[in-house]
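Me: I am new to this structure and would like to learn how to read its features one at a time. Could we go through them together, slowly?

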Amino acid sequence: MEIDQNLKDNTNVAYISMEIAFDSNIPTYSGGLGVLAGDTVRSAADLEIPMVGICLCYSSGYFYQLFNEKGEQKEREIEWSFFYEFDKVEEPISMMIENKEIKVSAWLYRVIGQSGHVIPIYLLTTDVEGNEPWMHKLTGSLYDSTSRWNRICQEMILGIGGVRLLHSLGFNNIQTYHINEGHGAFSTLEIYRNYNNDIKKVKEKVAFTTHTPVPAGHDRFGLDLVKKVFIDRFPPEMLKLGMENGDLNMTILAMNSARYINGVSKKHGIVTRKMFPDYEIDAITNGVHLPFWISKPIKQIFDRKWPNWKSNPSILENAIEIDDLDLFDAHIENKFNLINYQKGHSWNLLDEELITIGFARRFATYKRAVLIFNDLDHLGKICKGKIQFIFAGKAHPKDQEGKGYIKKIFEAGEYLYDNYGVKVVMMENYNMDLAHMLVSGVDIWLNYPERYREASGTSGMKASLNGVLNLSVLDGWWIEGYHMNKSAGWAIGKFPEEYAKDETINDWKRDAQDIYDILENEVIPTYMNHDEWLFKAKNAISLAAYFNTHRMIEEYAEKAYKLKKQKPWKFTK
Ligand SMILES: *Cc1c(COP(=O)(O)O)cnc(C)c1O
């Protein structure tokens, strides 16, 4: 079934993202960026934002992760057949890569909001009849690490192909192209073309969100490569917008083409303005889609207490009114659920009685997965008989250091178990299903990225929603969360501005020591005192009143999309 023309005519926001996570088993994501994009479209659908989405359709996805007995990550290609869940777009468009004409088609996926509002998402593919064999593979896998050439081709397909396809499908009323991270910046070239090479028009139409202060997160392409794939089709006027130190920088291209730019937390806004002092950069703090990330037992409490909580999440400010016993039972149910699952999937069996600490995310090195193992004997003595750990996360196939961290977790786990009986398990193949279980089933959610490098982080918001306490460094969203409510969890170290000028900001030894102290002096005593623990858990839940994508998409609607409020939905704050 096609999308009807009426909906197309009303659609005025195009959301362009390299990853959008709809479902755990649809491999269109690798981590937080994709999950956030998924939550964004889910909330946009609930709030009836007139949006269409563009992403790529990866026939072999990211990868399936396995560990061998030494704790080494092994990657398997995913074979994924999506034909049953999607509708095929009949008419492919064509575009040029090098001197070849390539057909680009799409699979249509519908995100349906609470009131039935549909957001169509077109997942582009070059696996199209009539294409030469090498072309079929272009959209095959997410963040294909084999070559920069493949990467630039994928970004051309996403940006140029995406805008061209929307045009050919009859989306003729797009007022904002929201480029979600630099990958989609080539869309500006097609917009330029559509408006008769009027660069001012491009600037009227584009909003851009940057998601990482880590330099490796900003795509740069050498001019030789650009020339190879575009030949002479890159308008010089546009190329100028993207040039930085002799390379084409996708972030710079997007920023120079945008009428509105934002980072994804207050702190990230500040860091990004420092990185790019010549631009006006706003901040819209990330959120999570609450109905998607809430666990069943907690949802039952909300449903009983606040029947309208899904459309009015600000009501969760009153979370302190939740009945202690209800919350306790719900949490135990989540914890048993996780531990039962774990018992079926890992040799080292966790114990329901112990304080369970979870850490799961991409194993990018700046996230410092192994920080807590800095002093194994100290950690072992504190945790013995009291605390256990559960880890999960994928390292990018090319990231040897990240893979080394996974191995180190296995080794640390062996040492801690042999010497102190402390259990550490590492679960395979982190994905959204596992994330659901972890963020609700552990007692504490741990996060200690190098300060200034976590743009926002969202997994901690999912944990908080489910009454799980954050133990995190003050970076990204947790600066705001902890500032709002200090009873919602614990902070590792100080607020960033409290560090002395000559102090090392990311000192592993000091941070690890701080964690050990918090575990010993705060976490364990609090856990022993049910009332105190539940008080904190309820304060954690109250943060969800703000850290949700309904609030977030409203900010985008007003500031980035310039939409008028479609529905009365207001926050008390
Ligand atoms: C939420 C989520 C993330 C993001 O986690 P961060 O801790 O914010 O990095 C990554 N992967 C999956 C599967 C998620 O659900």
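Me: Into which domains is the protein divided?
Reply: In this predicted model, the protein is divided into domain 1, made of 5–286 + 551–572, and domain 2, made of 290–496 + 504–547. Between the centres of the two domains, taken over C-alpha atoms, there are 31 Å, and their contact draws 46 residues from domain 1 and 45 residues from domain 2.

Me: How should I read the packing of two helices, and at what angle do α13 and α20 pack?
Reply: Two packed helices are described by the angle between their axes together with the distance between those axes. Here helix α13, residues 324–343, packs against helix α20, residues 530–542, at an angle of about 85°, and their axes are 10 Å apart. Angles of 65 to 115 degrees count as roughly perpendicular, and α13 and α20 are therefore roughly perpendicular to each other.

Me: Which residues in α13 and α20 meet?
Reply: On the α13 side they are D324, L327 and F328, which meet H530, D531, L534, A537, K538 and I541 in α20. By class, the residues of this contact divide into 5 nonpolar, 1 polar and 3 charged.

Me: What lines the second largest pocket?
Reply: The second largest pocket holds about 390 Å³ of space and is lined by 20 residues, with S60, Y62, E77, S141 and D144 lying nearest its centre. Sorted by class, the lining of this pocket has 5 nonpolar, 9 polar and 6 charged residues.

Terms used:
Residues are numbered from 1 along each chain as its sequence is written. This is a predicted model: local features need pLDDT of at least 70, side-chain atom pairs count only at pLDDT 80 or more; totals for chains, interfaces and linings use all residues. Side-chain values use heavy atoms; hydrogens and water are left out. On a 1 Å grid over the protein atoms alone, a cavity is a set of points where a 1.4 Å probe fits but cannot get out, and a pocket is an open set with protein on both sides within 12 Å along at least five of seven lines; lining residues have an atom within 4 Å of a point. Grid points are joined across faces, edges and corners, and a volume is the space filled by probe spheres set on the points. Ala, Val, Leu, Ile, Met, Phe, Trp, Tyr, Cys and Pro count as nonpolar, Asp, Glu, Lys and Arg as charged, and the others, Gly among them, as polar. Axes are lines fitted to C-alpha atoms, for helices over the stretch in contact, and angles run from 0 to 180 degrees between N-to-C directions. Helices (H or I, at least four residues) and strands (E, at least two) are DSSP runs, numbered from the N terminus. Angles under 35 degrees count as roughly parallel, over 145 as roughly antiparallel, 65 to 115 as roughly perpendicular and the rest as oblique. Contact means heavy atoms within 4.5 Å. Domain bounds come from an automatic or database domain assignment.
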